[in-house]
Amino acid sequence: MSAVIEPGHAGHDEHPHGPARGLMRWVLTTNHKDIGTLYLWFSFTAFLLGGSMAMIIRAELFQPGLQIVQPEFFNQMTTMHGLIMVFGAVMPAFVGLANWMIPLMIGAPDMALPRMNNFSFWLLPAAFSLLVSTLFMEGGGPNFGWTFYAPLSTTFAPESVTFFIFAIHLMGISSIMGAINVIATVLNLRAPGMTLMKMPLFCWTWLITAFLLIAVMPVLAGVVTMMLMDIHFGTSFFNAAGGGDPVLFQHVFWFFGHPEVYIMILPAFGAVSSIIPTFSRKPLFGYTSMVYATGAIAFLSFIVWAHHMFTVGMPVAGELFFMYATMLIAVPTGVKVFNWVSTMWRGSLTFEAPMLFAVAFVILFTIGGFSGLMLSIAPADFQYHDTYFVVAHFHYVLVPGAIFGIFASAYYWLPKWTGHMYDETLARWHFWLSFVGMNLAFFPMHFVGLAGMPRRIPDYNLQFADFNMLSSIGAFLFGATQLLFLYLVIKCIRGGEPASAKPWDGAHGLEWSVPSPAPYHTFSIPPEVK
Amino acid sequence: MMRHPRLWMGLLSCSALSQAQAAWDVNMRPGVTEVSRSVFDLHMTIFWICVAIGVLVFGVMFWSMFAHRRSRHPQPAHFHENTKVEVLWTVIPLLILIAMAVPATRTLLHIYDPSEPDLDIQVTGYQWKWHYKYLGEDVEFFSNMSTAREAIGDQAPKNDHYLLEVDEPLVIPAGAKVRFLVTAADVIHSWWVPELAVKKDAIPGFINETWTRVGEPGLYRGQCTELCGKDHGFMPVVVEVKAPADYSAWLAGRKAAAAERAAQAAREWTREELIAQGEQVYRTACAACHQLGGQGVPPAFPALTGSAIATGPKEGHIDIVVNGKPGTAMAAFGKQFSDVDLAAVITYERNALGNAVGDSVTPQDIHTFRQAQEAGQGMQPGQSQPQSQPQ
């Protein structure tokens, strides 16, 4: 990105308010835009890496029998795919968006804690190098699923599990620091006049997400530390023979894991709540209820963790509580969907790439929500649990929910980041190919799951062959399409039609009041919000 | 859903797929028990409620996208709030949820009532097989996948029950309430038979309860559904429901076979007999990790061909097969196999797979080894509880 020297400073060569030159700019930077960019590139790299692991999985499942990889390696691929997508692709992408956009949206000059911001980013490449390096270690990488249930992950794991634990610790520290930064920024650095209830929803959802992160990342750190103790220091947290409890692992893990799925969704809710009004040319319907619904979802996410564990043999009272609480999440989520639809109702709609992704987000996420509602019914869940129906469900929630949300945001703000309009034709190709590929990959999984195919198996009965082949074709299409996105972004950075300060005529918000690309330092004098 | 499966097959087919029967099942099957049918009804009820809501919401949305696009509707409206509507669409979903919760609760309470069973069976998950023990009947056996490894590697044709077939199915009587006590020996597994709507996690150190009552005789297939390591995908569950008279005959036959096996252990075995028997045991229990030819998958699963243990002293070889190696994937097979099978497989490993030690291990050797071990640890037979061993 080209450096823009602020007016009034032109000619002061010895004191340019632009970025430093050379590689060290990126290593030492404390600028929220630079760090946002670093996060976004890191996340896209992880997305391609995690995606290529998904391609290996789908290639093996293309037809019955073992053709490409052996079961040990297959398990390593499913584990790493999950871990990389959750911790490497989706979460850093949202932190990147937060870094870039929150200061611009609330009229702040930078994030509140810029040096910590630099550190929290640079922990990530370290953590992921460690994690990925386990694949080359003797005994192989983590092979126990991204949920790493004990005792498989403690007693029967490869030795590299210790590196995996350390990598998780580093990622957790990074996430917590990112979250503290968001909270400090949103609560302290809002422009005069911007009350909390005037804040863009993206800032609201990120504020709530940050509190979720601070609440649950230590829980994840706790559970991996307990694993470490069991493996190396002779404790028996999860070893029944020593007086421990394997189910304890699952309770602690899912107390982190369930809020985590909302950590991966809520910021997208916020971004879509800016994008749909922009392209509907109409204010967001029910701003206040959107804020309350987000809060309600966050609260409920803490009391429903055991719905991942309906088959572990909980007492019936526990099953009933977790079933009812889980069903309740449908209410605030429903409110959000109804609000988005009402925002579109009687608007003046156009369908540029951000809007296409946002609309697909609403439709497909709702379908994922429906299968989620089905999964919440405990007796029916006994049949769905750990089958491909669950795989279909969470990919319908996470691919449109998180990934499409991120793509919508990227297209929405690319002109602001680069100063150029992206190639709309290519973007539409990217959307439609992603949309078709995603549905072709994941919709048939509902069917094979209902017909009885368990998840995480490298080979299957012939009755599942046809749908699996369709799924694989869809996955290859979806995967290959993402290279188009890479090309499009590079093309947009290198040039293109110059973007005005406000390239979308229906857009509102402070980020559109500064030039495109956004100057390296913005809002050194806080804007007034009426 | 697909009206021309054959056309699709033609378009998509590869060599292996041509054996596959076209299966475009898009829904769960109702199953064969009262519980599975009520679960199926519940599933369909929720599904249709979701479809109705979906049609409504997406209908409004698509209409808006069609009729309110800028070219047709250039002047957007400006409303952005309506408390009455927002309260209404909070309350109505809540009522729908209550309507769904009522039948769900009823079904759940029914599933959670394992009282007054006619028969108790203990189901134990091992990596990667199931052990069934008929409590009070003195009958127990392992159930291993019987699909040939060659079929998995595409060197042999796949049949209709590919990966869903076992050497010894669980046999239960029709019409009886069978209670399953589910546990595991190593890691967490999950015992699932879709047609019975029974799925319960098998957790080491804990015993879970579940039950079924199947009306008609038949053969029902399922799989382990909790990731349990390398061969998680190769751990089928097969339940054979027999008419009560046939079941009794089967049970008597099992008891007689157990007596026969005890007699077998006492007789003299030739080396050739042991090797022949050992090959069968090796294929079921060892080949998954050490491979059919004994070459292993180093470093996780060492090769047996030329290995120090398989070509070294007998005692060391017996010890590792009987007791396993803690902290590795090598399981203790002592409790899983009879003296004859252990002797056979050890003899096989020493004299096949590229090894030619030339000696043989007899059932008597195993018996002696076990007795020495029990005396050494001061343990009574049957008191082989797992010790608390930090790994």
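Colleague: How many aromatic pairs does a search of the whole structure find?

Modeller: This is a predicted model, and the search turns up 69 aromatic pairs over all chains.

Colleague: Okay, take A:Phe47 and A:Phe407. How do I read the way their rings meet?

Modeller: Look at the angle between the planes: over 60 degrees counts as edge-to-face. Here the planes are at 75° and the ring centres 6.3 Å apart, so A:Phe47 and A:Phe407 are edge-to-face.

Colleague: And which parts does that pair tie together?

Modeller: A:Phe47 lies in helix α2 (residues 32–60) of chain A, and A:Phe407 lies in helix α15 (residues 388–418) of chain A, so the pair links parts that are 360 residues apart in sequence.

Colleague: What about A:Phe467 and B:Trp24, how do they pair?

Modeller: Edge-to-face again, with 4.9 Å centre to centre and 85° between the planes. A:Phe467 is in helix α17 (residues 465–494) of chain A, while B:Trp24 sits in the loop between α1 (5–12) and α2 (34–67) of chain B, so this pair joins two chains. A:Phe467 is buried at 2% relative accessible area, and B:Trp24 counts as buried at 13%.

Colleague: Which charged residues lie over Trp rings in chain B?

Modeller: Check out B:Lys230: its charged end sits over the ring of B:Trp128, 5.9 Å from the centre. Then there's B:Arg267, which lies over the face of B:Trp269 at 4.2 Å from the ring centre.

How values were computed:
Residues numbered from 1 in each chain as written. Chains lettered and ligands numbered in written order. Predicted model: local features only at pLDDT ≥ 70, side-chain atom pairs only at ≥ 80, totals over all residues. Heavy atoms only, no water. Phe/Tyr/Trp six-rings, centres within 6.5 Å; stacked < 30°, edge-to-face > 60°. Helix = DSSP H or I, 4+ residues; strand = E, 2+ residues; numbered from the N terminus. Buried < 20%, exposed > 50% of the residue type's maximum accessible area, 1.4 Å probe, protein only. Lys NZ or Arg CZ within 6 Å of the ring centre and 35° of its normal.
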